[in-house]
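Subject: Handing over the structure

Dear colleague,

My notes on what was found follow below it.

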Amino acid sequence: MIEMTTLKKICEEFRFEGVLTECSPYGDGHINDTFLVVNKDKYEETVQYILQRVNHIVFKETEKLMSNIENITSYLSDMVREDELEGGYEVLKLIRTNNDNSYHKDLEGNYWRAYVFVKNATGYTFAKDNTMLYSAGKAFGQFQLMLKDYPVDSLFETIKGFHHTENRYENFLKVLEKDVHSRSKYCLDDIQFVKDRKNITTMILKALELGEIPYRVTHNDTKLNNVLIDNDSGIGRCVIDLDTVMPGSALYDFGDAIRSCGSTVAEDEEELELLKLDTARFDAYTNGFLEILKHELTQTEIELLPYSAIIMTFECGMRFLTDFLDGDNYFKVHKENHNLIRAKNQFRFVKEMENNLEVMIDIVNRYC
Ligand code: ADP
Ligand code: GN1
Ligand code: MG
């Protein structure tokens with residue numbers, strides 16, 4: 001719990017308009033501490049901001065991370081202005097500190113940053129309808145398309161090997177071997193599930209290393225609640241959570257999005273009998289994504305899209321399981337065994353997709 005007096009002091013560091021009336025925890029992110037700041041300006045109008053304490057255990061070099069975000073957001077906002085993109089697309093906007101920095105470092109060594117609050121839009125953990133998924137697919141596709149000429153190598157890698165699935169696998173084995181909390185006995189089947197799929201950990205990596213698919217500037221964390229959907233028009237208004245924008249593969253962004261929105265249930269549903277591949281959801285997201293990117297992606301990338309959904313879901317499940325074994329140090333958890341529940345859910349989804357691969361291939365082909 002962060003004290004209100006502390007939050008108030010932090011707010012004073014930023015160029016916020018008006019007087020603070022409220023600052024409370026906000027959103028459903030697994031990594032940073034996010035707050036909604038509500039101010040009243042001199043006309044008694046409400047002005048809102050997002051304040052975040054960056055998780056500096058996860059993001060070890062916050063200065064470089066913030067420089068990525070500054071560069072990307074300023075590049076995108078120039079582009080949106082030039083192109084006069086239709087449809088009310090918004091670029092995430094940082095609020096600077098009184099010292100004209102993009103972040104504030106407090107006396108305890110925490111890093112804080114603030115954004116303009118994107119009004120009248122919502123980040124959904126679970127999509128209400130398929131139109132929303134079509135919009136989300138378009139928004140993440142558009143995000144990637146807008147960054148296609150951005151110099152990939154100029155971006156700092158904010159988490160080394162973030163989607164290096166093979167290294168993630170090796171790390172899983174190390175954590176398992178130590179088993180510091182003696183939790184492996186609760187998940188022997190899940191451990192075996194991971195080991196049985198070692199061969200899929202290299203599929204995207206090999207294609208990248210062999211130059212069969214290109215490195216691109218990618219978002220790398222395209223879960224559904226990282227795009228805010230307009231409450232009225234239903235379009236994808238703003239792509240947020242830019243901490244992991246760095247060199248990657250288009251397959252990471254497609255696969256991770258399907259991981260988060262392509263099944264019949266939320267990421268932490270425990271009733272696994274309810275979990276199926278939702279082909280209509282898969283179809284809607286794929287439709288939106290490919291409507292924007294089908295001419296940009298290479299043939300090999302397109303062929304690998306269905307596999308990327310399996311690989312990214314597998315990778316995330318393995319990360320949840322690793323964190324469970326490690327004592328829940330990485331992802332925020334809200335109940336007992338939360339990471340194990342999430343891992344089991346993701347593995348069930350992997351199985352579902354393995355069994356329905358042909359259906360996914362057909363859908364991808366239909367939109368190309
Ligand atoms: P995390 O890395 O912890 O996931 P996010 O940057 O995704 O943090 O923020 C957490 C949540 O806060 C988002 O899912 C979204 O609901 C909300 N949020 C973040 N930035 C904004 C913004 N600029 N405007 C409105 N809501 C936001
Ligand atoms: C985290 O930060 P958030 O909640 O948007 C994680 C993703 C996982 C996701 C699983 C930086 O996303 O990689 O896929 O949880 N982000 C980071 O829900 O690790
Ligand atoms: Mg997020």
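How far does a polar side-chain atom of Lys-223 lie from an oxygen atom of ligand 2? In this predicted model, that separation is 2.8 Å, and a backbone N or O atom of His-30 likewise lies 2.8 Å from an oxygen atom of ligand 2. The side chain of Tyr-330 also takes part, with an N or O atom 2.5 Å from an oxygen atom of ligand 2. On its own, ligand 2 has 440 Å² of accessible area, of which the protein covers 98%.

Around ligand 2 there are 18 residues, which divide by class into seven nonpolar, four polar and seven charged. Helix H7 (250–261) and helix H9 (299–326) each give two or more residues to this shell, and H9 gives the most, with three. Because domain 1 (4–117) and domain 2 (130–367) both contribute residues to the shell, ligand 2 lies between them.

Turning to ligand 1, you will find 19 residues around it, of which ten are nonpolar, eight polar and one charged. A backbone N or O atom of Asn-32 lies 2.8 Å from an oxygen atom of ligand 1, while a polar side-chain atom of Asp-241 lies 2.9 Å from an oxygen atom of ligand 1. Taken alone, ligand 1 exposes 540 Å², and the protein buries 95% of that.

With best wishes

Technical notes: Residues numbered from 1 in each chain as written. Chains lettered and ligands numbered in written order. Predicted model: local features only at pLDDT ≥ 70, side-chain atom pairs only at ≥ 80, totals over all residues. Heavy atoms only, no water. Near = heavy atom within 4 Å. Polar contact = N/O pair within 3.5 Å; in protein donor to acceptor, adjacent residues only side chain to side chain. Areas by Shrake-Rupley, 256 points an atom, 1.4 Å probe, with all protein chains shown as cover. Nonpolar A, V, L, I, M, F, W, Y, C, P; charged D, E, K, R; others polar. Helix = DSSP H or I, 4+ residues; strand = E, 2+ residues; numbered from the N terminus. Domains from an automatic or database assignment.
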